[in-house]
Amino acid sequence: LFFIIFVIQSRAAILEYVLVTIFLLFVNSIQNKNRIVSVATLVLFLVVIILSNFSLINSFFDTFSVNNSQYGASTYNRLNGLNYYHDLWLNSNLWFGIGFLPDQLRMSQLLTFYLADYNILINLYEFGVLGFIILIFPILKEIYVFLKNRNNIKKSYIVFLQVGLTMYVIAISFVQNVYWVQTILIVPILISLILFVEEHYDLRKNSML
C-alpha cells in the first residue's frame, strides 16, 4: 500500500489493492473451521467500515468521474488517449502491433498522453496479438496454478501468497501496465512463486513433496 501511494501514485491501484485484500480475507474466512462465524464477522466489519466512512468513499469514487472538478480532466484525457492508441493499432499491423511508443505523446499545448497512464492493453497496441499473448502467458500460468492449488491455500503460506499476488496482478492489470518500469519487478517475483509452487507441490495429491 505504501508503494502504491508513494511510488505508483494511482487512485485506481489503491482501489484494486483494497479489493484484493478484501478478497483474500474472504478466502481466509471460508477456509476457517468456524466458517460461518468468520465470514459473518468479516461482512459485519466491512459494513461498519463502509457506513462510518460512506462520504469519504463516495468522494473517492467521484474522483474517477469525468465531471469531477479536480480529476475529471485527467480521466477524460486518459480515455481519449486509449481511444487514440486503439485507432492507431487498428490502422497498423494487428498481429505485430505499432511497435515501441514514446513515453509521452504531446497532442497539443494542453493535451499530452502519458504511456504510463494506460493498462496492460497498451501492450496489445504496441506488440500486437502475438506479442500480447507472450506477455500475458505468466498471468495465464498463474491462474492455472491457482486453480490447481485452490484447496491448498490454508496448508501453505507460500500458496496463499501466490494466490494473493495472482489476484493482485490480474486486478492491477485493468488500471496499470505490469510491464511498466515502476511495476515490472512484480513479474519475476510472481514467476518465481509460480515455479516454486509447481516444483514443490504435487498437484494431484495436494500435498508437499
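A: The count comes to 2 salt bridges, each being a side-chain nitrogen of Lys or Arg within 4 Å of a carboxyl oxygen of Asp or Glu. This is a predicted model, in which local features need pLDDT of at least 70, side-chain atom pairs count only at pLDDT 80 or more, and totals for chains, interfaces and linings use all residues. Residues are numbered from 1 along each chain as its sequence is written, and side-chain values use heavy atoms, leaving out hydrogens and water.

One of the salt bridges joins the side chains of R78 and D117, with 3.4 Å from N to O. R78 belongs to helix α5 (residues 72-90), whereas D117 sits in the loop between β2 (112-114) and α6, so the pair ties together parts that are 39 residues apart in sequence. Helices (H or I, at least four residues) and strands (E, at least two) are DSSP runs, numbered from the N terminus. Both partners can also be described by their accessibility. R78 is partly exposed, its relative accessible area being 32%; D117 is likewise partly exposed, at 24%. On this scale, buried means under 20%, exposed over 50% and partly exposed in between (1.4 Å probe, protein chains only).

The other salt bridge is formed by the side chains of K141 and E198, with an N to O distance of 3.0 Å. Here too distant parts of the chain are linked: K141 is in helix α6 and E198 in helix α8, 57 residues apart. K141 has a relative accessible area of 25% and counts as partly exposed. E198, at 29% relative accessibility, is partly exposed as well.

V175 lies in the loop between α7 (157-172) and α8, and a relative accessible area of 19% makes V175 buried. Leaving aside residues up to four places away in sequence, V175 touches A12, A13, E16, D117, Y118 and N119, where a contact means heavy atoms within 4.5 Å.

The secondary structure of the protein chain comes to 8 helices and 4 strands, and the elements run α-α-α-α-α-β-β-α-α-α-β-β from the N terminus on. Taken along the principal axes, the C-alpha atoms fill a box of roughly 60 × 45 × 25 Å. Of the 209 residues in the protein chain, 35% are buried. Among contacts between residues at least 6 apart in sequence, 62% join residues at least 24 apart.

The protein chain has an average pLDDT of 84, and 92% of the residues score at least 70; pLDDT is the predictor's confidence in each residue, from 0 to 100. Over residues 203-209 pLDDT stays under 50, and for this stretch the model has 15 contacts beyond four places in sequence.
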